[in-house]
Amino acid sequence: MPTAEHVILRELLTHEKSWVSGAALAVKLGVSRVAVWQQMEKLRAAGFAFDAQRSRGYRISKLPGALYAPLVDTQLKVRPKNFSLHVLDDVDSTNDEAARQLATGRPTPFAVLARRQSHGRGRFGRVWHSESTTSLYVSFAFRPQVEPERMQTFTLWMGLNVCELLANFASVRPGIKWPNDILFDGRKAGGMLTEARVDSDQIRDLIFGLGLNVNRPDEGWPGDLSHRAIALEDVTGAPLDINRLAAALVGRVLLAYQTFVEGAHLPTFADLWNRFDVLRGQAVTLLEGGRRHHGVVGGLDDEGAILLRDEGGKVHRFRAGEVTLEKTS
Ligand code: BTN
């Protein structure tokens, strides 16, 4: 059952270029015009601004710059059975919150989004800078019935879907750097952290976390992130609507998950990988378990392991590790 706020938002968003009359909203909702006005005040407090004319009604003139749950919810086009969405102001880590909710038996799939994280985590226990409300921090929880070996390709497949969604949504050309980085011009715009609990030979539950720099942080990037990080806004030259992007991303990830568990991703995987991969043919160093390996990237094998050709022409496969491009001078 949609709330009055959802109905009003839907009307305003579908008539973004025209006007929505307060009287018509009141009739539609079966409430007084004062009640509609109160809802509009609530939206203003959440960061919306409206043009308002007595004879015509309301029109959105500004959207909130940070996540706003009803705005994500209203614009969500994919809603599998049992799906629920949680938008939090602050959390330690959306991955940790998803794990806690899984432990309470909450039905899957669900998504946890936060405006900020106090302990955002990256791969190898690194800190993921999460103080900016202009970035997205989201985790998805699933209970897939697949073998643990398929985990590696899961993150890669999700990364490809995020890249394709961004390319379509913002007319940009993202790149994916094996296994979990989303880049523009060699700088990182997004990272993924997949965590699973495994029971003997089956995945019990799976959390897919994504951090994405959407708009430039008002306070700038801290320390050396200013050289390594990039926001989508830096690429498009204009701020993006973070709530519309969040809704599109949630929808895309839910569909991508479905495709993956059905095994229906296989026919398109290689084409998408070739489209977004930034490493093929590049000389790289791969750090794995404290050892450095040098080679030229030949692509991936069927299990999502990266293939490196060494100086002698021998091909080595790595299931995990961190890749850096070798400097050419
Ligand atoms: C990486 O590049 O090392 C992965 C970064 C993953 C960050 C996201 S933000 C949402 C989710 N919650 C976390 O604590 N981490 C992931």
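**Cores, domains and ligand contacts**

Biologist: Leaving aside neighbours within four places in sequence, what is L245 in contact with?

Modeller: L245 is in contact with L136, L165, L166, F169, L212, V214 and L232. Contact means heavy atoms within 4.5 Å. This is a predicted model, where local features need pLDDT of at least 70 and side-chain atom pairs count only at pLDDT 80 or more, while totals for chains, interfaces and linings use all residues. Residues are numbered from 1 along each chain as its sequence is written, and side-chain values use heavy atoms, with hydrogens and water left out.

Biologist: Which residues of the largest nonpolar core touch the most other members?

Modeller: L136, F140, L166, W178, L245 and I306 do, out of 66 residues. A nonpolar core is a set of buried Ala, Val, Leu, Ile, Met, Phe, Trp, Tyr and Cys residues joined through side-chain atoms within 4.5 Å. Buried means under 20% relative accessible area, exposed over 50%, and partly exposed in between, with a 1.4 Å probe and protein chains only.

Biologist: Which helix gives the most to this core?

Modeller: Helix α6, residues 151-170, with 13 residues. Helices are DSSP runs of H or I with at least four residues, strands are runs of E with at least two, and both are numbered from the N terminus.

Biologist: Where does this core lie relative to the domains?

Modeller: Domain 2 (69-276) and domain 3 (283-325) both give residues to this core, so it lies between them. The domain bounds come from an automatic or database domain assignment. A second, separate core has 16 residues, including L9, V20, M40 and Y58.

Biologist: How far apart are the C-alpha centres of domain 1 and domain 3?

Modeller: They lie 56 Å apart. Domain 1 spans 4-62.

Biologist: Switching to α2. Which of its residues are buried?

Modeller: In α2 (residues 22-29), G22, L25 and A26 are buried. They cover an arc of only 100° around the axis, which puts them on the same side of α2. That arc is taken over the directions from the helix axis to the C-beta atoms. The face turned away from the buried side carries the exposed residues V27 and K28.

Biologist: What covers the buried residues of α2?

Modeller: The cover includes α1 (4-14), α3 (33-45) and β2 (57-62).

Biologist: Now the ligand. How many residues surround it, and which are the closest?

Modeller: 20 residues surround the ligand, and the closest are S93, Q117, R121, R123 and K188. A residue counts if one of its heavy atoms lies within 4 Å.

Biologist: What is 2.7 Å from an oxygen atom of the ligand?

Modeller: A polar backbone atom of R123. A nitrogen atom of the ligand is also 3.0 Å from an N or O atom in the side chain of Q117.

How values were computed
A polar contact is a pair of N or O atoms within 3.5 Å; within protein, one must be able to donate a hydrogen and the other to accept it, and residues adjacent in sequence count only if both atoms are side-chain atoms.
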